[in-house]
Number of protein chains: 2
Amino acid sequence: MVLDDTYRGAELAPVARVAMVGAGQLARMTHQAAIDYGIALHVLADSPDDPAVSAGAEFTLGHADDAVLLRRLAAHADVMTFDHELVPLDVLRAMTTEGSVIRPGADALALGCDKLFARTVVSGLGDLSIPVPAFVPVSGAPDVAAFAERHGWPVVLKSRSGGYDGRGVVVVDDLPAAERVLAGGGGGDGPRWVVEEFLDITMEFAVLMARSPSGFTATYPPIGTLQVEGICRELTLPIDLPEEVVHRATSWARSILEGFDATGIAAVEYFMTRDGRLLLNEFALRPHNSGHITIEACATSQFHQHLRAVLDWPLGEVGVVRPAATVNLIADTSTMELASRLPLALAVPDVHVHLYQKAPRPGRKVGHVTALADSTGEALDRARVATERFFG
Amino acid sequence: MVLDDTYRGAELAPVARVAMVGAGQLARMTHQAAIDYGIALHVLADSPDDPAVSAGAEFTLGHADDAVLLRRLAAHADVMTFDHELVPLDVLRAMTTEGSVIRPGADALALGCDKLFARTVVSGLGDLSIPVPAFVPVSGAPDVAAFAERHGWPVVLKSRSGGYDGRGVVVVDDLPAAERVLAGGGGGDGPRWVVEEFLDITMEFAVLMARSPSGFTATYPPIGTLQVEGICRELTLPIDLPEEVVHRATSWARSILEGFDATGIAAVEYFMTRDGRLLLNEFALRPHNSGHITIEACATSQFHQHLRAVLDWPLGEVGVVRPAATVNLIADTSTMELASRLPLALAVPDVHVHLYQKAPRPGRKVGHVTALADSTGEALDRARVATERFFG
């Protein structure tokens, strides 16, 4: 398969050809896993500077909303999958009708594209009735005022789509603040924002689950997540959770994947609140930041698992091999320096660094550090120390 | 660095640029490790079909004995290293004088290029006096006859250079058989063959050690190896060995690395004989087949470790995370099929498959399977079962 003018051979045809829409760090790490299996990963990249391209994945340059390119990619692959949700669902639906194999499918992807739709679906439609934070769609400031009257200030405003890493998520303390946010715009048709209760959160965790087209699932033990200003900062595995909580969280995750016939890896994020509620926050039907910890902590990384799932291969072991913690490398200061400081970070015992070859910009994830140890606490200490060494 | 006409960018300059001479499976797996660190690996490949090229490493097409190409590669890299020993030592020595950073250096590489030189050196020259199997260089059949008179038939004939995976290693039962082998040629100047005593081997193992230019070393626990007809078939980690044996084997490995100022990862292979001797067999000053087991079994794979060592970065943890066994996928029958049978192999619990995208040919290693379990015995069972599934 040569979709661009780069010739690169392979003595033996790849075991499978997987097309991935997007070429960020998720595609980069998927490419690393694909090499193990002799899979050719072909990414749709915005730029030859994208992380998966730098890592050597085959690539086609173009945009995810280009229907012609998407069809070309799918035609040359056994399966098409995704490293982000900014995809044209109507095109993907048509392609599926035409015979393309797209996993997860458009109906499942729709959940990831629109937080309002996702919230509405999981909180009350059909067979699913999963508790989520109180929310209403926002057409204007009066909706926010009415919601705050019932739930109190502050409230959280979330963009329906396009938000990630803290972008599109704003905590507002009063109506004037809300008005300023709403004036700033937001994505999607109809109501562009959702308002949500501000929660007193005691714990956050993610359930990572893979599901194959044949209906098999594999669920990783819950991963502790720490978000700061909407950006995932730290992960720990394993974590202490009441068995009953694990059971509910896992069942709900399975309901979503089965309900929408989702395939591939998915991450479902949960809150536990001080008043004792377990609430579903968000979910992503693709490899996810919370799953980065599985590369070292588990027998099968989320990237290997995603490939196995979308190709309908047997799923891999999900047990924890060793306690671990991951800290995201977020370029929140201008003093970050990667090249000269990587060796300093690697001097911390049992630390594993992943750099994405993304230039540091404030608030941007440019890599992550996972440490292994005899306990998650010790692993977290190590990962934090190593992370700090990237900053002057 | 664009040495060929393939443009592939990187938003952020690589953390380091490493040139590797050779583009086989060792380079392929080194590339996977390089991605983690944001290192650009540039390989010198014989063909665009080579395993490291299929995996997406940057590449230049050419031969390892091309002095112009070697200089170009080194000039564009922070360090040059190797995936095989078929390199022109005189050119590398000149390049070092000119300022190129080459690791391991030419003096150490010379050991790997010539079994006779290596044997002679480690068994008696200088401070080293490491027991090796009895051997003499062979100029003709009379040398073999004289040797056999002292040590008995059968004897082992080994090509001085260029032999691997059983090629260039022949057990001969009598003089006519020896004459037939010698008539077949062999590599190198002067005596092209070495004759060696045939050993009653009770155990084989390898000591994998990394050494950095600053002089730090990191030694993996001994890896059990099983050779069949000169081809490494199976690996286990950890293995039971008397502490004193581990101590001697490790000290000898360290003596070699320090004695020749070798840098990077090295594998030293040992025999234990029925009559109680511990003998050094061979060694390789590069990533080695015996180290493949470290990818899953250890916190730091040999490929990560090799990069860290040649870049003089801190070395990584070498402890065993979980008992493991590796079985090489050797295409010894025409009924091997990789693509359709990979999912069957992956159905075996906790099995990890690495395919090199090399077309199956009799006796050729086309991949390996590592299994994890609670014991090496169970891991070996799993790895064998998974391996068998590739054959009809």
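Predicted model: local features only at pLDDT ≥ 70, side-chain atom pairs only at ≥ 80, totals over all residues.
Residues are numbered from 1 along each chain as its sequence is written, and chains are lettered from A and ligands numbered from 1 in the order in which they are written.

**Backbone features in loops**

B:Asp350 has a positive phi of about 50° although it is not a glycine, and B:Asp350 is placed in the loop between α12 and β16 of chain B; here helices (H or I, at least four residues) and strands (E, at least two) are DSSP runs, numbered from the N terminus. In chain A, A:Gln357 also has a positive phi, near 60°, and is likewise a residue other than glycine. A:Gln357 belongs to the loop between β16 and β17 of chain A, and A:Gln357 counts as buried because 27 C-beta neighbours lie inside 10 Å.

| Residue | Phi |
|---|---|
| A:Gln357 | near 60° |
| B:Asp350 | about 50° |
| A:Asp312 | near 60° |
| B:Asp312 | about 60° |

In chain A, the bond from A:Leu237 to A:Pro238 is cis, with omega near 0°, and A:Pro238 is part of the loop between β12 and α9 (243-259). In chain B, the bond that joins B:Trp153 and B:Pro154 is cis, with omega about -5°, and B:Pro154 is part of the loop between α7 (141-151) and β6 (155-159).

The buried residues of α11(A) include A:Phe303, A:His304, A:His306 and A:Arg308, and α11(A) is followed by A:Asp312, whose phi is positive. In chain B, helix α11 (residues 302-310) also has 9 of 9 residues buried and is therefore largely enclosed by the rest of the structure. Among the buried residues of α11(B) are B:Gln302, B:Gln305, B:Leu307 and B:Val310, and B:Asp312, with its positive phi, comes just after α11(B).

Helix α13 of chain A (residues 376-388) has 13 residues, which at 1.5 Å a residue should span 18 Å, and its end C-alpha atoms are 18 Å apart, which agrees; the expected span is 1.5 Å times one less than the number of residues. The buried residues of α13(A) are A:Thr376, A:Ala379, A:Leu380, A:Arg382, A:Ala383, A:Ala386 and A:Thr387. Seen down the axis of α13(A), these residues fall within an arc of 165°, so they line one face of the helix, the arc being that of the directions from the helix axis to the C-beta atoms. The elements that cover them include β12 (231-237), β15 (324-330) and β17 (365-372) of chain A. A:Gly377 lies in this helix but is exposed, because 12 other C-beta atoms lie within 10 Å.

**Chain contacts and core**

Between the chains, 46 residues of chain B are in contact with 45 residues of chain A, contact meaning that the C-beta atoms of two residues, placed from the backbone, lie within 7 Å. On the side of chain B that touches chain A, α1 (25-37), α2 (51-54), α12 (342-346) and β16 (351-355) of chain B each supply at least two residues, and α1(B) gives the most, with 6 residues.

B:Val18 is one of the residues that touch the most other members of the largest nonpolar core, which has 214 residues; such a core is a set of buried Ala, Val, Leu, Ile, Met, Phe, Trp, Tyr and Cys residues joined through C-beta atoms within 7 Å. Leaving aside neighbours within four places in sequence, B:Val18 is in contact with residues including B:Ala34, B:Leu41, B:Leu307 and B:Val310.

Methods:
Buried ≥ 20, exposed ≤ 12 C-beta atoms within 10 Å, placed from the backbone.
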